[in-house]
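Hi everyone, thanks for coming. Please have a look at the structure on the screen, and then I'll walk you through a few parts of it.

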Amino acid sequence: MTILQVEDLGITFGGLRAVDGVSFQVSLGEVFSIIGPNGAGKTTLFNLVTGIYRAGRGRIVLAGEDVTRVAPHLLVRRGMARTFQNLQIFFRMTALENVMVGNHLAERTSFLADLLSLPSVARQNVRTRARAMELLERVGLAHHADTTAGDLPYGVLKRLEIARALAADPKVLLLDEPAAGCNAVETEAIDRLIGQIARDGVAVVLIEHDMKLVMKISDRVLVLAHGRRLAEGPPRQVRSDPAVIAAYLGEHGAREADRAHG
Amino acid sequence: MLKRVLSSRLAVLVLLAAIIAVVPVLAPSSFYLRVAALVWIFALAALGLTILTGYAGQVSLGHAGFLGIGAYAVAVGPAKLGLDPLLSLLLGAVLCGLVAYAVGRPILRLKGYYLAIATLGFGLIVALVLTSESAVTGGPDGMQVPRMVLFGWRVSGVSTWYWITGGALLVGALLALNIQASPSGRALRALHDSEVAAAGVGVDVAKKKLAAFVLSAVFAGVAGSLLALMNGFITPDAAGFMHSIELVAMVIIGGLGSVVGAVVGAAFLVVLPQALTVLQEYEQAVLGLLIMVFMILLPAGIVPSLRRLLLERAA
């Protein structure tokens with residue numbers, strides 16, 4: 001079932017068409033990857049879809065509703081969560097608290113109730129804490145629960161961001177380079193985690209430079225170049241697409257690759 | 001274990017209550033009690049900034065403006081409008097909240113230096129109005145604050161005000177600690193580190209910042225009312241720029257985001273100038289030097305730095 005539908009999306013920065021008429025759709029339980037050379041517009045596309053940038057043209061439909069002009073903090077209410085290319089971790093909070101913030105939407109106490117520490121606040125804290133702990137266990141970070149996030153290594157924080165996003169109970173999860181800067185073991189853990197999330201019925205939209213990972217876990221791949229769609233399809237098909245090879249390796253590289261495939 | 005004790009709400013409150021209870025026993029004269037009461041008052045105002053700046057990371061260089069509004073509420077209310085002083089205090093707090101709401105909505109969109117300058121402007125405006133509206137406020141010479149009468153009892157005397165201000169500080173500390181450990185507190189601390197990530201998990205960043213700003217203004221307003229009532233006299237100086245800076249300095253020297261830190265910072269900046277008067281003309285220079293030395297040696301602020309040392313020693 002299609003959950004996210006992007007139609008003819010575009011934005012221009014000072015004359016440069018950073019994203020230029022991109023369309024795609026993603027279904028529940030699917031891993032959909034967006035790849036492309038540096039500067040192709042992948043993160044810009046993410047920022048458009050998550051409402052951080054306002055689209056110059058096009059439409060975003062989430063679960064059947066037009067969300068093109070919806071503010072970021074309201075999009076998550078409709079089931080969209082994300083992680084960030086450059087970590088956006090709450091560094092002064094513990095790992096557990098980071099994930100607890102992810103549960104913010106499910107928290108129903110008012111500012112006044114919080115100020116007076118009404119019994120409902122204590123009950124809410126217990127629920128939020130239990131849910132956050134569960135998610136930390138799921139991403140394999142339970143033993144870091146009480147460590148200040150700022151003291152944790154990069155690879156661990158990448159998984160912590162995923163746990164925080166999952167705490168919002170998303171139907172669509174956008175992961176911006178989750179394996180960047182991770183070693184082989186950490187990449188393996190993220191690989192398994194993404195597979196698991198998709199099997200749980202979440203639509204995963206992935207930006208990733210690690211081609212081995214992309215080819216292994218993606219159901220479909222969208223290739224961007226200069227803000228435009230270059231190719232789209234199953235990994236096997238995309239990988240052998242001459243236009244894709246050219247974009248990655250340049251014309252000369254494409255000829256080399258042709259010769260190699262010979 | 002030690003970490004849990006150090007961060008428990010009850011431990012902090014018991015510690016503060018113990019300090020408030022012990023000071024009168026040790027104080028050799030009522031002068032010391034008066035200085036201590038001033039510490040509690042400024043600590044209460046600083047606690048407001050602990051919430052705004054410490055938790056949420058939003059700078060205000062104009063909070064003495066709210067101190068001034070609270071102070072003049074208990075002066076003008078009874079003297080010009082015939083209102084009960086306690087009612088005036090409450091109305092002053094409400095007024096601070098409303099003004100903070102109106103001012104905060106447009107300026108809290110600004111970040112960092114820009115927000116600092118905008119709040120600075122707000123503080124200057126309040127001080128200017130208090131100085132120039134002399135028909136109501138008595139102008140630069142200030143005005144008398146009528147004694148508070150509670151149920152027929154005239155509230156006066158240093159030791160009475162000591163206990164009232166100490167009690168107010170405890171209530172303020174309780175509220176600040178409540179917020180810290182709540183969903184709202186987590187949201188504030190989160191947007192301090194990353195607004196985009198906080199919004200990404202559903203935190204209404206603008207609304208939460210505004211709530212913190214309003215609450216911090218109410219804290220400062222109540223502190224201003226208590227200051228005016230205790231002194232029995234108030235001048236526009238209460239809303240002056242120096243006081244705004246002092247409040248910010250208190251939360252930074254004591255330790256940003258730490259409730260005990262706000263009290264320690266207030267003690268630092270209220271008690272030291274008194275203690276240093278023996279140095280006469282060198283007073284200001286030595287005070288400035290001490291602030292520098294403390295910030296160099298304990299860069300995270302007195303309380304968090306000592307806490308870290310203690311935990312490392314215990315580990």
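Residues 247-272 of chain B are 85% helix and 0% strand, with the end C-alpha atoms 15 Å apart. Helices here are DSSP runs of H or I with at least four residues, strands are E runs of at least two, and both are numbered from the N terminus. Compare residues 160-179 of chain B: that span is 100% helix and 0% strand, and its end C-alpha atoms lie 29 Å apart.

A quick word on what you're seeing: this is a predicted model, where local features need pLDDT of at least 70 and side-chain atom pairs count only at pLDDT 80 or more, while totals for chains, interfaces and linings use all residues. Residues are numbered from 1 along each chain as its sequence is written, and chains are lettered from A and ligands numbered from 1 in the order in which they are written.

Now to chain A, which has an open sheet of six strands in the order S6-S7-S8-S3-S9-S10, with mixed pairing. Two strands pair if DSSP finds at least two bridges between them. Why is one side of S6 and of S10 (228-233) of chain A left without a neighbour in the sheet? Because both stand at the edges, each with a single partner strand. S6(A) runs parallel to S7 (residues 172-176) of chain A, joined by three bridges, and A:Met80 stands opposite A:Val172 in S7(A).

Finally, where do the chains meet? In total, 30 residues of chain A are in contact with 25 of chain B, contact meaning C-beta atoms, placed from the backbone, within 7 Å.

Methods: Contact = placed C-beta atoms within 7 Å.
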